[in-house]
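Here's a request: keep the viewer open and walk through this fold with me, from the whole chain down to a few single residues.

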Amino acid sequence: MMTILIVEDDKPLNDGIALSLNEAKILQAYNLKEARALLSEMVDLIILDINLPDGSGLDFCREIRAFSSLPIIFLTANDMELDIVAGLSSGADDYITKPFSLAVLRARIDAVMRRHLPSSDVYEQGDFFFDFVNMIFKAGETAVNLSKTEQRLLKLLVSNKGITLSRDNLIDRIWSDGAEFVEENALSVTVGRLRQKLDGAPIKTVYGIGYVWEV
């Protein structure tokens, strides 16, 4: 299931969008402080207003673009041509002006996600090469064998590079087979094994929160 973060200070509008996108998991934020806190969740796409109580969505978009290609759609009342240019120039994938059609919003979301899906199957950074479709993982010239659990963890980390992912959400995504009990240290053990196999991988522990693949 896709996870969408809605950052909109108008609560009735925020709730209405959330209700219309009920096929996805919805996270709701009403300001930038709440939005930043929710980035520890597994977010697949952000619907972002520009005029927010504690700052500009444009600045937030640029902040995210400094470390992530996470899909972002602006949804705003700023409808001048210069506003649209500024929004797209800040790194947004799409720009929708209010008032808007919910059907168009859903279609735009589908189009943005189609553009982003293929790139998530292959990842390269420095000496590391990961092909998740063909299960080819290399550190330099050395092929590395990863378990299914290690592959799931690795893909979550690199797909959200630069974003700290909480332990609880990693556990929910990695062990999503309906198991009723997962040992408390299972995630720590899996991270340790992944670090050992991918020596030098930029997997950082953020104490009290979770883990991040640094860029």
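Among contacts between residues at least 6 apart in sequence, 54% join residues at least 24 apart, where contact means heavy atoms within 4.5 Å. Before going on, some ground rules: this is a predicted model, in which local features need pLDDT of at least 70 and side-chain atom pairs count only at pLDDT 80 or more, while totals for chains, interfaces and linings use all residues. Residues are numbered from 1 along each chain as its sequence is written, and side-chain values use heavy atoms, with hydrogens and water left out.

In secondary structure terms, the protein chain has 8 helices and 14 strands; these are DSSP runs numbered from the N terminus, with helices being H or I of at least four residues and strands being E of at least two. The radius of gyration is 18 Å, close to the 17 Å that the globule rule gives for 215 residues, so the chain is as compact as a globular protein of that length. That radius is taken over C-alpha atoms, and the rule is 2.2 Å times the number of residues to the power 0.38. Along the principal axes, the C-alpha atoms fill a box of roughly 55 × 40 × 30 Å.

Now the surface. The accessible surface of the protein chain comes to about 11200 Å², and 52% of that belongs to carbon and sulfur atoms; areas come from the Shrake-Rupley method with a 1.4 Å probe, and for residues only the protein chains shown count as cover. Of the 215 residues, 43% count as buried, meaning under 20% relative accessible area, with exposed being over 50% and partly exposed in between (1.4 Å probe, protein chains only). As for charge, there are 22 positive and 32 negative side chains, and the centres of the two sets lie 3 Å apart. Lys and Arg count as positive and Asp and Glu as negative, with His and the chain ends not counted; each charge is placed at NZ of Lys, CZ of Arg, CG of Asp or CD of Glu.

What sits inside? The largest nonpolar core has 49 residues, and those with the most contacts inside it are L5, I46, L48, F130, L154, L170 and W213. Such a core is a set of buried Ala, Val, Leu, Ile, Met, Phe, Trp, Tyr and Cys residues joined through side-chain atoms within 4.5 Å. Helix α6 (residues 148-159) gives the most to this core, with 5 residues. Apart from it lies another core, of 15 residues, among them I4, L45, I96 and V112.

Take W213, in strand β14 (residues 210-213). Its relative accessible area is 0%, so W213 is buried. Beyond its neighbours within four places in sequence, W213 is in contact with residues including Y123, F130, L154, L157, V158 and I203. For a sense of scale, W213 and S101 are 112 residues apart in sequence and 37 Å apart in space, C-alpha to C-alpha.

I163 is in the loop between α6 and β12 (165-166). Is I163 buried or exposed? Its relative accessibility is 6%, so I163 counts as buried. Not counting residues up to four places away in sequence, I163 touches L39, F67, S68, Y211 and V212.

Over in strand β4 (residues 51-52) you'll find L52, which is buried with a relative accessible area of 9%. Leaving aside neighbours within four places in sequence, L52 is in contact with V7, E8, D9, Y30, L32 and G57. S56, in strand β5 (residues 55-56), is in contact with L32 and I50 on that count.

Two backbone details are worth a click. The peptide bond from K98 to P99 is cis, with omega near -5 degrees, and P99 is in the loop between β7 (94-97) and α5 (102-116). M135, in the loop between β9 (128-131) and β10 (136-139), has phi near 55 degrees, a positive value in a residue other than glycine. At 43% relative accessibility, M135 counts as partly exposed.
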